[in-house]
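Subject: Structure handover

Hello,

Here is the structure I said I would pass on. Please look through it first, then read the notes below.

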Amino acid sequence: FFVRWHLSGVPQNPDEKTWKIKIGGDAANTPVEFSLQDLKTQFEPVELVAVCLCSGNRRGFFEPHVAGVEWAYGAMGNARWKGVRLKDVLAKAGIKKDAVEIAFNGADKPALDKTPDFIKSLPVWKSMDDSTLIAWEMNGQPLPVHNGFPVRLVVPGWTATYWVKMLDEIEVRSKPEDVFWMKTAYRVPVGKFPAIDRFVSQESPNGPNTPITSIVVNSMFTNIRPGSRLAAGRTHELKGIAWDDGRGIVLVQVSEDGGRTWRAARLGQDLGKFSWRQFSI
């Protein structure tokens with residue numbers, strides 16, 4: 001499962017017994033804090049399977065070149081997450097009517113004073129979605145440290161820049177978050193991205209770009225490489241995965257002649273609308 005951190009100051013031995021998550025902000029009614037044990041005992045637990053896809057997955061193939069980690073195909077994973085609904089936790093603090101965004105910070109810190117802290121925000125409507133979780137478990141085990149122990153944000157359907165790891169602070173805001181990681185990073189040119197789920201408070205009224213949000217429907221083969229030669233006169237099984245932003249993969253078609261004709265592939269187990277779907281033909 002891929003690992004991506006923006007800051008080098010990642011605690012290597014966080015103590016789950018002393019860890020706290022603090023909730024406040026100018027648009028919260030009452031500041032509160034919870035321990036990991038509080039989350040596990042005071043709220044209804046939820047499990048779901050969801051693709052965690054780095055916003056820069058396949059960036060290394062972009063033409064023209066785009067700055068950033070030059071990922072190939074591997075900056076993505078699919079896991080079963082367990083935690084609590086973010087909206088249930090936020091309800092304990094209370095959200096004022098003028099709240100526009102919920103901001104999230106983790107325990108990772110920059111090595112240099114001038115490096116901006118990694119803070120991300122979500123629109124209130126996405127934060128209140130039933131599928132947005134504060135998760136402490138991954139595939140039936142406690143989160144690995146490199147994947148966000150003791151808890152991380154899970155935002156199914158949206159790219160992983162919003163899935164803040166080692167989450168320890170939540171701020172309910174009446175104004176849009178304006179840190180580097182929101183106003184400058186992880187943005188794409190207007191009109192170049194199918195923004196079905198818009199992040200209106202982070203859009204520039206007349207600006208050239210808009211924030212990356214939902215995952216685009218996509219697929220890939222997993223058992224052959226580009227340029228592979230397959231022997232004629234034999235049967236070959238092609239395998240792959242397909243995924244989207246949570247509307248759910250219901251059909252995968254494969255072409256053997258450059259798109260002139262198509263055949264439906266066999267779909268694997270349906271693990272939920274936010275999971276990737278295996279296919280074969």
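Is Trp81 buried or exposed? Trp81 counts as buried, because its relative accessibility is 0%; buried means under 20% relative accessible area, exposed over 50%, and partly exposed in between, with a 1.4 Å probe and protein chains only.

Before the rest, some ground rules. This is a predicted model, in which local features need pLDDT of at least 70 and side-chain atom pairs count only at pLDDT 80 or more, while totals for chains, interfaces and linings use all residues. Residues are numbered from 1 along each chain as its sequence is written, and side-chain values use heavy atoms, with hydrogens and water left out.

Aromatic rings

A pair of aromatic rings is described by the distance of the centres and the angle of the planes. Rings of Phe, Tyr and Trp (its six-membered ring) pair if their centres lie within 6.5 Å; planes under 30 degrees apart count as stacked, over 60 as edge-to-face and the rest as tilted. The count by this rule is 13 aromatic pairs.

One of them joins Phe61 and Tyr73: the ring centres are 4.8 Å apart and the planes stand at 45°, so the pair is tilted. Both residues are in the loop between β3 (45-53) and β4 (76-85), 12 residues apart; strands (E, at least two residues) are DSSP runs, numbered from the N terminus. Phe61 is partly exposed at 43% relative accessible area, and Tyr73 is partly exposed at 36%.

Trp81 pairs with Trp163: their centres are 5.6 Å apart and their planes at 70°, so this pair is edge-to-face. Trp81 is in strand β4, and Trp163 is 82 residues away in the loop between β9 (152-154) and β10 (167-173). Trp163 is buried, with a relative accessible area of 1%. Ring pairs also link Phe1, Phe2 and Trp71 with Trp81 and Trp163 into a cluster.

Charges over rings

A charge sits over a ring if NZ of Lys or CZ of Arg is within 6 Å of the ring centre and within 35 degrees of the ring normal. Lys120 lies over the face of Tyr162, 4.8 Å from the ring centre. Lys165 lies over the face of Trp5, at 4.7 Å.

Cysteines

How many disulfides are there? The count is 0, where a disulfide is a pair of cysteine sulfur atoms within 2.5 Å. The sulfur of Cys52 has its closest cysteine sulfur in Cys54, 8.3 Å away, which is too far for a bond. Cys52 is buried at 1% relative accessibility, and Cys54 is buried at 5%.

Regards

Methods:
Helix = DSSP H or I, 4+ residues; strand = E, 2+ residues; numbered from the N terminus.
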